[in-house]
Amino acid sequence: MFQVRAAGLAIVAALAACKGPLIAIPEPDAAATTSSPSLAHSSSIALSADGTRLYVVNADADSISAIDTNERTLIATFQLAPPPAAGSDGSYTPSVMPRALALSSDGGTLYATGERSGMLYAIDLASSTQTSVAVCSEPIGVVTDAAGNAYVACSQDRLVAKVTAMQVTATASIAGEPWALAWLPDGTLLATLFLGPGAAQLDPNAMAVLATWTIPDTPPRADPRLAHGQVRGIYDAAMRPTTDEVWFTHAMLGTDTAQPTLDFERTAFPSISIATGSGAYSVTLSTDAQDVPGIDGSFGDVVSGPHAIAFTSEGSLALMVDTNSEDVLVVGGDHTERSLVRPLPGHMPEGIAISPDDTHAYVDERNTGDIAVLDIGSDGSVTVDGAPIPRLTADPMPAELRLGQQLFYSANSDKYPITTNHWIACATCHMEGRSDAVTWKFAQGPRDTPTNAGGMTNTGFLFRTADRNQVQDYWHTVNVEQGGNFDPAEQAPLLDAIAAYVNLAIPLPVPPATDPMMVARGEELFDDPTVGCSGCHNGPRFTDSGMYDPTLDLTQPMCGSPPAAPCVLLHDVGTCNTGAYPDVMHDDVDNDPRAACMFDTPSLSGVWSTPPYLHDGTAATLMDVLEQTRGTMGDITGLSAADEAALVEYLRSL
């Protein structure tokens with residue numbers, strides 16, 4: 001049995017598409033088509049066994065590109081749906097959003113997951129024909145086995161599905177949100193749990209969970225700039241060849257640090273955690289802020305947003321793709337940094353594949369729609385090799401949204417003043433544009449990270465106590481917590497691009513599978529005025545925020561009882577913190593006063609994907625929310641257990 005022993009190799013500072021040709025793709029050499037699943041793991045990019053064909057998902061264009069690696073040219077585009085287009089309101093939501101790829105063991109079939117469509121797609125590479133099957137809500141990772149089965153990580157349904165002959169034949173429920181998949185040498189399957197605690201190990205034949213691996217949080221150390229925190233964003237896991245090590249990429253979030261001390265180098269620590277078969281191995285290597293006495297780090301560069309990892313064939317080098325700092329960290333078999341490939345020629349890298357002969361690596365650069373090529377020298381050096389390979393004949397995403405996406409995911413302080421020394425991006429906390437599922441100690445009091453999914457349009461005021469009224473106001477967050485240097489006047493176009501991306505191009509999550517009869521009963525209860533839910537959670541986004549102040553004028557007084565418009569409507573729902581780290585009176589972004597314990601009504605759109613709940617994250621589940629607010633705004637005291645379950649089922653469907 002494998003056990004996670006290391007809290008992480010935390011990396012912090014120490015030392016100085018339009019449709020293309022649909023053509024048959026020549027099959028790779030027959031002698032090189034048989035691949036063992038023992039080291040395979042899910043990725044946004046895949047190589048044929050002979051290294052001559054490269055496939056990559058275009059999540060924002062609903063397509064897959066095929067690249068000839070010898071000629072470094074786009075040779076085919078598999079369009080999974082018509083290219084997306086902005087709606088009449090400017091919103092941009094791909095209908096498929098492919099996220100991961102896997103080749104069949106014979107190399108003849110390419111599988112892809114569609115996060116938005118809920119489908120698994122199979123492409124016969126000899127004929128370019130496509131088939132698909134509905135799998136689950138928001139499938140992400142996919143791997144295959146030698147018997148022709150595909151396995152899919154279903155993030156919103158919290159299960160792993162087995163697909164045989166393009167039919168779902170079995171599922172295994174997971175206690176968490178599965179993301180990446182990886183084979184272990186003993187033939188079992190590993191599914192990372194995106195928001196922790198680690199991973200689930202499955203028997204792929206019985207489709208049963210054998211064990212849950214826990215990557216332990218690292219407790220605070222002598223200085224908050226020493227790597228520590230809660231494990232979140234477990235994007236990838238991969239076996240290191242010729243060893244019994246499994247490497248996980250993730251972040252650690254230092255939620256113990258309170259403002260005003262909380263800043264860019266005390267917030268998030270990108271990490272690699274290692275699990276071993278013997279259970280005897282243990283390592284925690286980190287680099288720390290340069291002026292911390294007694295630094296003990298082994299890595300000399302700051303990176304952020306570790307997203308994917310790949311090993312050379314003998315396991316001597318690991319190449320980790322860092323989405324936010326936009327680079328590739330090269331780590332040796334001795335678990336120390338060898339080099340850093342920065343800058344990459346494009347933006348928002350999300351996946352990596354290494355050629356079978358270990359001479360090249362290919363990096364999926366999602367935002368710029370290209371593939372960066374890296375040369376791997378015989379001496380272990382890794383450098384950018386020429387211009388990136390274009391993979392889109394045209395980009396369907398509007399230019400302002402593309403810029404906003406780049407800024408939202410970027411911690412590239414060399415290009416934009418959005419952070420200091422490549423530490424923090426908006427997406428560091430708003431993972432996948434949603435939430436990191438932790439509570440931060442802000443000056444106003446403890447605050448759970450809200451989701452950005454669905455945008456802020458029609459949600460009224462922003463922040464838990466109506467402290468802001470537009471996404472552009474978040475330049476304060478950029479400059480304080482992220483260590484950025486934004487001037488809201490001079491850099492208004494950049495703020496506008498971020499706001500456009502957040503409001504128009506981060507779609508609401510696809511709800512998990514629900515029971516229609518329970519949902520209908522739950523909706524009746526939700527709308528019942530005696531229960532009280534819809535009294536505050538109403539309108540298109542299930543919130544009364546801004547009801548009496550539609551212009552969202554922050555200077556208006558707080559509403560009384562009854563409200564006299566214009567006024568800012570806040571509620572006391574009995575969730576105020578008065579203990580060791582209390583909610584306190586404070587000013588909004590324009591220095592207007594806000595009470596300590598009066599809160600803005602949050603939107604319920606996509607609420608299932610945003611645990612924990614309440615402003616301070618003290619409700620772990622939706623049922624806990626009902627219990628903690630019982631009797632404060634309505635009367636759910638008389639509801640039966642079945643009615644409460646139906647109410648929760650309705651909330652899951654939103």
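Predicted model: local features only at pLDDT ≥ 70, side-chain atom pairs only at ≥ 80, totals over all residues.

Trainee: What makes strand 30 and strand 31 a hairpin?
Mentor: Strand 30 and strand 31 have 2 residues between them. They also pair in the antiparallel sense, over 4 bridges. Pairing needs at least two bridges, so the label holds.

Trainee: What does Trp440 touch beyond its sequence neighbours?
Mentor: Leaving aside residues within four places in sequence, the contacts of Trp440 include Leu253, Leu262, Cys429 and Pro446. Gly445 and Arg447 are also among them. Contact here needs heavy atoms within 4.5 Å.

Trainee: Which residues touch the most other members of the largest nonpolar core?
Mentor: Trp440 is one of them, along with Leu190, Trp213, Val246, Phe248 and Leu253. The core has 37 residues. Strands 14, 17, 18, 19, 20 and 30 each give two or more residues to this core. A second, separate core has 27 residues, including Leu407, Tyr409, Ile418 and Val471. As a general rule, nonpolar side chains tend to be buried together in soluble globular proteins.

Trainee: Why is His250 called buried?
Mentor: The relative accessible area of His250 is 0%. Buried means under 20%, so His250 qualifies. His250 is found in strand 19, residues 246-253.

Trainee: What makes the pair of His250 and Ser273 a polar contact?
Mentor: The side chains of His250 and Ser273 come to 2.7 Å. The limit is 3.5 Å between N or O atoms, with one able to donate a hydrogen and the other to accept it. The pair passes.

Trainee: Why is Arg342 called partly exposed?
Mentor: The relative accessible area of Arg342 is 25%. Arg342 sits in the loop between strand 24 and strand 25.

Trainee: Which polar partners does the side chain of Arg342 have?
Mentor: A polar atom of the Arg342 side chain lies 2.5 Å from the backbone oxygen of Val302. The side chain of His422 makes a polar contact with that of Arg342 at 3.3 Å. Other residues touched by Arg342 include Val303, Ser325, Asp327 and Asp414. The C-alpha atoms of Arg342 and Val328 are separated by 7.0 Å, with the residues 14 apart along the chain.

Trainee: Why is strand 23 called largely enclosed?
Mentor: Because 6 of its 6 residues are buried. Asp327, Leu329 and Val331 point one way, while Val328, Val330 and Gly332 point the other way. Both sets are buried.

Trainee: How do you know that strand 23 pairs with strand 22 and with strand 24?
Mentor: Count bridges. Strand 22 and strand 23 have 6, in the antiparallel sense. Strand 23 and strand 24 have 4, also antiparallel. At least two are needed, so both pairings stand. Met320 stands opposite Leu329 in the former. Val328 has Val341 as its bridge partner in strand 24.

Trainee: Which residues take a positive phi in these hairpins?
Mentor: Glu326 does, near 55°, in the hairpin of strand 22 and strand 23. In the turn between strand 23 and strand 24, His335 has a positive phi of about 70°. Each hairpin has 4 residues between its strands.

Trainee: Why is helix 1 called largely enclosed?
Mentor: Because 8 of its 11 residues are buried. Among them are Leu401, Arg402, Leu407 and Phe408. The buried residues pack against helix 2 and helix 4.

Trainee: What makes strand 14 and strand 17 the edges of their sheet?
Mentor: The open sheet runs in the order 14-15-16-17, with antiparallel pairing. Strand 14 and strand 17 each have a single partner strand, so one side of each lacks a neighbour in the sheet. Neighbouring strands here are turned by 25° against each other on average, direction ignored. Strand 16 and strand 17 share 6 bridges.

How values were computed. Residues numbered from 1 in each chain as written. Heavy atoms only, no water. Buried < 20%, exposed > 50% of the residue type's maximum accessible area, 1.4 Å probe, protein only. Core = buried A, V, L, I, M, F, W, Y, C linked by side-chain atoms within 4.5 Å. Axes fitted to C-alpha atoms, helices over the stretch in contact; angles between N-to-C directions.
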